[in-house]
Amino acid sequence: MKVIYTNWFIPKRFAAYNLIIVCFIRPEFKYDKGLHDHEYVHYLQWKRHPFTFPFMYLFNKTYRYCMEVEAYAAQLVWYEGRPNVDAKAKQFASLICNNYGLEDHTEDYTEQLLTFEITQGRTGEVLYDKFK
């Protein structure tokens, strides 16, 4: 995955934007290892299912939700053991529910799911199978 540090191509509500093999990250997040891991998870999701991932992500809200939970859980790992881990889990849950067209999911449940997923190390597909 090629990473380009720029403010171009990135919607205002995001710190980064992944176009499968190219990831655009805002320069101020260049050293945010959690964000890099988040975007790398999206790349791995695409590698697991190169033909179906883009369409499922765009057109299936439940699938998108599960993929974002997986990616944000990878990002949240960087905050484990730190005093602000709970605040970050709450922030990430809010981002998932409000920035991806996923308003039908509750932030409280998403926060619980995020913290559970980092202990399980499961993929988004495992989550998606539970929701189907």
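This is a predicted model: local features need pLDDT of at least 70, side-chain atom pairs count only at pLDDT 80 or more; totals for chains, interfaces and linings use all residues.
**Stop 1: the start of the chain.** Select Met1, which sits in the segment before strand E1 (2-5).

**Stop 2: the strands.** Show residues 22-25, which form strand E3, and strand E1 beside your selection; the two run parallel and are joined by four bridges. Next bring in strand E2 (residues 16-19), which runs antiparallel to E3, again with four bridges. Which residue of E3 is the bridge partner of Ala16? Pick Ile25, and then look for Tyr5, which also stands opposite Ile25. While you are here, click on Ile20 in the hairpin of E2 and E3: two residues lie between these strands, and Ile20 takes a positive phi near 70°.

**Stop 3: the core.** Select Tyr65, Val69, Leu76, Ile96 and Leu114, the residues with the most contacts inside the largest nonpolar core, which has 26 residues. Helices H2 (53-59), H3 (61-76), H4 (85-99), H5 (107-120) and H6 (124-131) each supply at least two of its residues. H3 gives the most, with eight residues.

**Last stop: Leu76.** Leaving aside residues up to four places away in sequence, Leu76 touches Val85, Lys88, Ala89, Phe92, Leu114, Thr115 and Ile118. Show these side chains around Leu76 to finish the tour.

How values were computed
Residues are numbered from 1 along each chain as its sequence is written. Side-chain values use heavy atoms; hydrogens and water are left out. Two strands pair if DSSP finds at least two bridges between them. A nonpolar core is a set of buried Ala, Val, Leu, Ile, Met, Phe, Trp, Tyr and Cys residues joined through side-chain atoms within 4.5 Å. Buried means under 20% relative accessible area, exposed over 50%, partly exposed in between (1.4 Å probe, protein chains only). Contact means heavy atoms within 4.5 Å.
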